[in-house]
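Here are a few exercises to work through with the model open beside you. Try each task before reading its solution.

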Amino acid sequence: MSRIRPFKAAEAWGRAGPEPGSDCARLASAPRRAGPASGARRAVILVVCDLDGTLAPIVSRPDRARVPARTIRLLERAAHAPGIQVAVVSARPLREMRRLLPVRRVLLVGQYGLEGTPAPPAARRERFRKRCRRLVLRLRRAADAVPGAQVEAKGLTAAVHDRAVAPRRRPALRRFLRRIEAGAARREGFVAIPGRRVVDFVPRGFDKGRVVKRLRAALRPAVVFYFGDSAGDDSAFAALNERDFPVRIGRGATRARYRVATPMGVTRFLETVARSRSNASSHKEVASCR
Ligand SMILES: [Mg+2]
């Protein structure tokens, strides 16, 4: 597992890098390298955030999750800063993401890359939809045997939540799900991706790591920040290289090299990005990291 170091985004985001001086220098010069001389606006710093547990605090029921108004404002400000592209990738359907994140200029990627930018062709998604419907029937039969287990049919993927399941019943649910993973899900071409108090069933080949790789290929950023709070984000952390910043929110084993304690750490990071890229103090602020 990679080493974990504290990351105090509120103070200086560049400082978290393994080689603080060089990272700060690269970040400071990134917008200039993409500047008006090229005649085109292109992203040089890509900031990718997971949604639940990263931008929206975890609540007892997923349908009650909200992104704080301040976070939404900062996301939009960061997305408007020159040289910055912001994307949010989630297990949620795109329509829910749009409701939770009424923001412009932020790329929204739903259901592990099956919706939004970039998404597979419609004919392929239709095949996944049919398979997912069959899988949901199987998951509902298993969930019926465990009080509190909740199956969420999302169209292209399905989730089983255990937040309302008594702790002593959770091992039984996990056994059911493992059986389905090895049987019905496998036959339909789906794999299980664990999250926080949830297991998602997703068509094989789709995960957040793939999303990050595709965004990188399309936008060609100099550096990528990825913020995520669960095992479902590990594929994205693994897709980053040594110049990038994989940041885990909260406790738990992870492949990320950096960590913030709560979603507040992400908000502070966005604030720093928005501020440092939108006024003349950016040079001074970043220079102080060296
Ligand atoms: Mg999450």
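This is a predicted model: local features need pLDDT of at least 70, side-chain atom pairs count only at pLDDT 80 or more; totals for chains, interfaces and linings use all residues.

**Exercise 1: length and end of the helix**

Task: Compare the reach of H7 with the expected value, then inspect the residue that follows.

Solution: H7 spans residues 208-219, twelve residues. From first C-alpha to last, H7 reaches 16 Å, close to the 16 Å expected at 1.5 Å a residue. Arg220 comes after H7 and has a positive phi, near 50 degrees.

**Exercise 2: a hairpin**

Task: Describe how E8 pairs with E9.

Solution: Strands E8 (residues 190-194) and E9 (residues 198-203) run antiparallel and are joined by five bridges. Within this pairing, Val191 stands opposite Val202 in E9. Three residues lie between the strands of the hairpin, where Arg197 takes a positive phi near 60 degrees.

**Exercise 3: the cores**

Task: Which residues touch the most other members of the largest nonpolar core?

Solution: The largest nonpolar core has 50 residues, and Val47, Val48, Ala78, Ala87 and Tyr226 touch the most other members. Leaving out residues up to four places away in sequence, Val47 touches Ala78, Ile84, Val86, Phe225 and Val273. Apart from this core lies another, of 26 residues, including Cys132, Ala149, Ala158 and Ala185.

Key: Residues are numbered from 1 along each chain as its sequence is written. Helices (H or I, at least four residues) and strands (E, at least two) are DSSP runs, numbered from the N terminus. The expected span of a helix is 1.5 Å times one less than its number of residues. Two strands pair if DSSP finds at least two bridges between them. A nonpolar core is a set of buried Ala, Val, Leu, Ile, Met, Phe, Trp, Tyr and Cys residues joined through C-beta atoms within 7 Å. A residue is buried if 20 or more other C-beta atoms lie within 10 Å of its own, exposed if 12 or fewer, and partly exposed in between; C-beta atoms are placed from the backbone. Two residues are in contact if their C-beta atoms, placed from the backbone, lie within 7 Å.
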